[in-house]
Amino acid sequence: MKIIDIINEATAGKECRFAFEMLPPLKGDDISTIYRTIDRLIRFNPAYINVTYHREEVKYVERENGLLEKLSVSKRPGTVAISAAIMARYGVEVVPHLICGGFSKYDTEDALIDLNFLGIHNVLALRGDTLKGEKTFQATPNGHLHAFELVEQIIGMNEGHFIDAEVESISRTDFCVGVAGYPEKHAEAPNPSIDIEYLKKKVDAGADYIVTQMFFDNGRFFDFKERCLKAGINVPIIPGLKPFSTKRQLTMLPPTFHVDIPEELTARVLKCADNKEVRQVGIEWAIRQCEELKAAGIPVLHFYTMGNADNIEKIAEAVF
């Protein structure tokens, strides 16, 4: 089932559904780590499960001749395979991430063909992160520089347009496409208005819905929705939520994800004696966020688990 249909059904039925995101395990780990997390959350009847994609990292290895060799290393491979395994084991829709970074257009087409073969018809189209050491995002040779271009390629395949135009008897794909939105502005956008313009390009290219970056102030989300509507963006916007869990996140989250931490939440975290108390504060804060969003008629709440189900499970117990 397409995610946009799940969202629309929840909206029509005045429901609020639960969804969450999984990281592929580090190279060398097995899929049991994924299953253990899902086993704890599956009882909340998730609308879908996202599976992230992490682009390669660059490292330099010294050779016997003393020269350094530049190598590309993937630390969390297997997004397509993990997505298929989750869908087969749990019978829940999966949303693998596709990114521009590290993919040529041919690589993207091959990944989409594999997903189509597997019966996976939902994807989240993202630009992806800049490689460490690069000041700005660089497109892979014959790849995409912007997420809206990736969306265009996916929609093009839905319409039967493949890179090799001479291919005969083409079967069209049927992907539902989600994209990312940033209530507090993407770090590289010069201002919120330009950021909304970039988002509209993705929607105009064919995106079906938007899922947001994490935020800790619901006012930012509601303001973002209003600005999107004024800009002519009419697709559903799904809030992305992450419960606060450590004191270190006060200084780590703002520069990493470019989000603000509300003064009230900051004050409560600073009063905590240890991270056990911080986790409880984070759970309580997230529950309060969820209840307000649910009361506002939001059809799906999307949680970033970061591979940990403990606090998400407690939030889901209270909200769903």
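In these legends, contact means that heavy atoms lie within 4.5 Å of each other. The model is predicted, so local features need a pLDDT of at least 70 and side-chain atom pairs count only at pLDDT 80 or more, while totals for chains, interfaces and linings use all residues. Residues are numbered from 1 along each chain as its sequence is written, and side-chain values use heavy atoms, with hydrogens and water left out.

View 1. Serine 245 lies in the loop between strand E9 (237–241) and helix H8 (249–257); helices (H or I, at least four residues) and strands (E, at least two) are DSSP runs, numbered from the N terminus. At 9% relative accessibility, serine 245 counts as buried, a word that means under 20% relative accessible area, whereas exposed means over 50% and partly exposed lies in between (1.4 Å probe, protein chains only). When residues up to four places away in sequence are not counted, serine 245 touches Asn275, Val278, Arg279 and Asn311.

**View 2. The largest nonpolar core.** A nonpolar core is a set of buried Ala, Val, Leu, Ile, Met, Phe, Trp, Tyr and Cys residues joined through side-chain atoms within 4.5 Å. The largest one here has 95 residues, and those with the most contacts inside it are Ile86, Ile154, Phe216, Phe244, Leu301 and Phe303. Helix H10 (residues 275–295) gives the most to this core, with eight residues. In soluble globular proteins, nonpolar side chains tend to be buried together. Leaving aside neighbours within four places in sequence, phenylalanine 216 is in contact with Lys242, Phe244, Leu253, Val259, Asp260, Ile261, Pro262, Leu265, Trp285 and Gln289.

**View 3. Helix H9 against helix H10.** Helix H9 (residues 263–270) packs with H10 at an angle of about 155°, and their axes are 9 Å apart; axes are lines fitted to C-alpha atoms, for helices over the stretch in contact, and angles run from 0 to 180 degrees between N-to-C directions. That angle makes H9 roughly antiparallel to H10, because angles under 35 degrees count as roughly parallel, over 145 as roughly antiparallel, 65 to 115 as roughly perpendicular and the rest as oblique. H9 and H10 cross in a right-handed way, where right-handed means that the near helix is turned clockwise from the far one by less than a right angle, and left-handed that it is turned anticlockwise. On the H9 side the contact is made by Glu264, Leu265, Arg268 and Val269, and on the H10 side by Val278, Val281, Glu284, Trp285 and Arg288. By class, this contact has five nonpolar, no polar and four charged residues, with Ala, Val, Leu, Ile, Met, Phe, Trp, Tyr, Cys and Pro counted as nonpolar, Asp, Glu, Lys and Arg as charged, and the others, Gly among them, as polar.

**View 4. Helix H7 against helix H10.** Helix H7 (residues 218–230) and H10 pack at an angle of about 30°, with their axes 10 Å apart, and the two helices are therefore roughly parallel to each other. H7 passes H10 in a right-handed crossing. Asn218, Phe221 and Phe222 of H7 make the contact with Gln289, Glu292 and Leu293 of H10, which by class gives three nonpolar, two polar and one charged residues.

**View 5. Helix H2 against helix H3.** H2 and helix H3 (residues 79–90) pack at an angle of about 45°, with their axes 12 Å apart, so H2 and H3 are oblique to each other. The crossing of these two helices is right-handed. In H2, Ile34, Tyr35, Ile38 and Asp39 meet Ala85, Ile86, Arg89 and Tyr90 in H3, and the residues of this contact divide into six nonpolar, no polar and two charged.

**View 6. Two loop residues with a positive phi.** Most residues other than glycine have a negative phi, and most peptide bonds are trans. Asparagine 45, in the loop between helix H2 (32–41) and strand E2 (48–51), has a phi near 50°, a positive value in a residue other than glycine. Lysine 185 is found in the loop between strand E7 (176–181) and helix H6 (192–204), and lysine 185 has a positive phi of about 85° although it is not a glycine. With a relative accessible area of 21%, lysine 185 is partly exposed.
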